[in-house]
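Could you walk me through this structure in the viewer, one selection at a time? I would like to know what to pick next and what is there.

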Amino acid sequence: MNSLLFLIDEISKWTGRVVSFLIVILTFLICYEVIARYLLNRPTIWVHESSSMLFGAYIILGGAYTLYMGGHVNMDVVYGRLLPKKKALIDVFTFWIFLLFCGSLIWMGGDSAWRSLKNFEHSGSLWNPPIYPFKLVLPLGVFLLFLQGLAKFIRDLMVIFKERL
Amino acid sequence: MHIELITIILFAFLILILITGLPLAFGMGGVAALIVLILQGPKALSILSGVTYGVMDNFILTAIPLFIFMGLILQHSGVADDAYEMMYKWIGGIKGGLAIGTVIVCTIFAACTGISGAATVTMGVIALPAMLKYNYHKSIAVGCISAGGALGILIPPSVLMIVYGVFSGESIGKLYAGGVFPGLLLAGLFIIYIAIRCYFQPQLGPPIPVKERANWREKFISLRAVILPIVLIIIVLGTIFNGVCTPTEAAAIGCAGSLICAAIHRKLNWKLLKNACYEGLRLSCMVVWIIIGGSCFASLYTYVGALEFIKGLVAALPISPYLIIAGMQVSLFILGCLMDPGGIVMITIPIFVPIIKMLGFDPVWFGVLFIVNMEMAYLTPPFGFNLFYMKAIVPKNITMMDIYKSIVPFVCLQACCLIICILFPKIILWLPQILIK
């Protein structure tokens, strides 16, 4: 079990670390667009769309990393004062809300990604790139997020039952 | 079910879930999923993925990670060290000078970055040890850094204003222009307060000894420290106000500019870049996932008709519109004590802005008032980001209670600024009117 948890942590950590460098690519892409427009007088047709898509991928694929790092803020007025075991007990209940949110996004995102892939959907803009890779990012990224949440859930259960033994 | 009942259940359930400590993003998204599931069945859940795709390819929101990245690079670029050195040389000799200098450097920093953490952490590392070394009282030293750092979200560029702008449909450029004078007013109030307080109680902020003061030559040489930040400010804000660039493009140019600043200070290396990338992803995801969860939740307002219901309720209230504004500000203040400002935008703005428009107020004005109010949210316990940042930086002999006490006068000044901006809307609205056509 511990090696499974370790594996999930490593997946979250490394997807996050790799994805985090997209911000440098975004910086250069958008700067290139500004230079192309004002200095070369040749605005691009593809930067606007591709940078929005990169932004989406950056955020969605980074969700699991942020959860792993404890970066998603919560209201800890009451929660923050509880003992670790009580926190674990509450988390075991709220996990189902989290699951419902992730589940909806994986299911519905997966559904629309699948339809997009089946039709080899393109965006329909002037540049007209294929859009299914972008659509696939949502179910994939949220699945990674779900795995990291599941790891936390298992850890909470371990906290609860270890105390009882 | 009746709309009244659904609206009450909606909010009661959200509050309950948030109190349990589930992260805001998942709490809001999960409640949205549950309510949709109960009211409309599983097929309707596609509303959630639709909303999420909408956030994912939003070019305006792309500015958020860029401004965050820019702030993190500047934080480690050595720009603030030089600027503070300059302040030390110029006004270290007057009573409270180092604290006033801290506020000024925070103001400059705020005009370069869009987040509150960057300036707070930077100045906490640079200015706090300097002030404590020269026997400044901890209440002034800690307070001026926490309060000065929060200016980052009011003085443009500002990440929080982007969130407000996108979800109220207002122009980001107008909001940025609107934030300039309230930001300077607030910084001015901080400076006047520190100067008066230290004039009458010099033991709080003693002037540095005469023999350690700089001569004129040194003073003028130190001035070059502000050249780079000022160039950066002119490029980023200038292009936005001129309409030459969208805020997102200006943010990308700002990122490139801050990398150049770091290179000029010989601080640009693999470690800095790597850490800024990692930290940037974490902070950006925190903000944008709240936007995702919050958009899911906010889509319920129109979906179940809660918005119309609340609008009708407010319209029927037999009180002055200004009383409604006051009521909103009080509720925002209370939420600010408990919650992250990003979450507050997502929950309140989809309701408040239609009401504001219905009452005939300017949504840009209200947006800037909202941000001024959120200045306090960064400082008020139990949940205030700048308090957490400070706690992580201060030496061991400064307790959380000391930090709480230190922010009290500054929160009062922020409240004064808010009231002044409500009474004199021109402070906010004048600049957007002349700058942006």
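How many residue pairs are in polar contact across the interface of chain A and chain B? The rule finds 10 of them, with both residues at pLDDT 80 or more; a polar contact is a pair of N or O atoms within 3.5 Å, where within protein one must be able to donate a hydrogen and the other to accept it, and residues adjacent in sequence count only if both atoms are side-chain atoms.

A word on the ground rules. This is a predicted model, in which local features need pLDDT of at least 70 and side-chain atom pairs count only at pLDDT 80 or more, while totals for chains, interfaces and linings use all residues. Residues are numbered from 1 along each chain as its sequence is written, chains are lettered from A and ligands numbered from 1 in the order written, and side-chain values use heavy atoms, without hydrogens or water.

**Stop 1: the interface.** Select chain A and chain B together: 58 residues of chain A are in contact (heavy atoms within 4.5 Å) with 66 residues of chain B. The buried area is about 5500 Å², with 80% given by carbon and sulfur atoms; this is the accessible area (1.4 Å probe) that the two parts lose on being put together, summed over both.

**Stop 2: the bridge between chains.** Now show A:Arg37 and B:Glu249, whose side chains meet in a salt bridge at 2.9 Å, N to O. The term stands for a side-chain nitrogen of Lys or Arg within 4 Å of a carboxyl oxygen of Asp or Glu. The count between chain A and chain B is one salt bridge.

**Stop 3: a histidine in a loop.** Next, pick A:His72, in the loop between H3 and H4 of chain A. A:His72 counts as buried, at 8% relative accessibility. A polar atom of its side chain lies 3.3 Å from the backbone oxygen of A:Gly63. Beyond neighbours within four places in sequence, contacts of A:His72 include A:Leu145, B:Phe26 and B:Trp289.

**Stop 4: a bridge within chain A.** Finish with A:Asp91 and A:Lys152, a salt bridge with its closest N and O atoms 3.0 Å apart. A:Asp91 is buried at 9%, and A:Lys152 is partly exposed at 39%.

Definitions and conventions. Helix = DSSP H or I, 4+ residues; strand = E, 2+ residues; numbered from the N terminus. Buried < 20%, exposed > 50% of the residue type's maximum accessible area, 1.4 Å probe, protein only.
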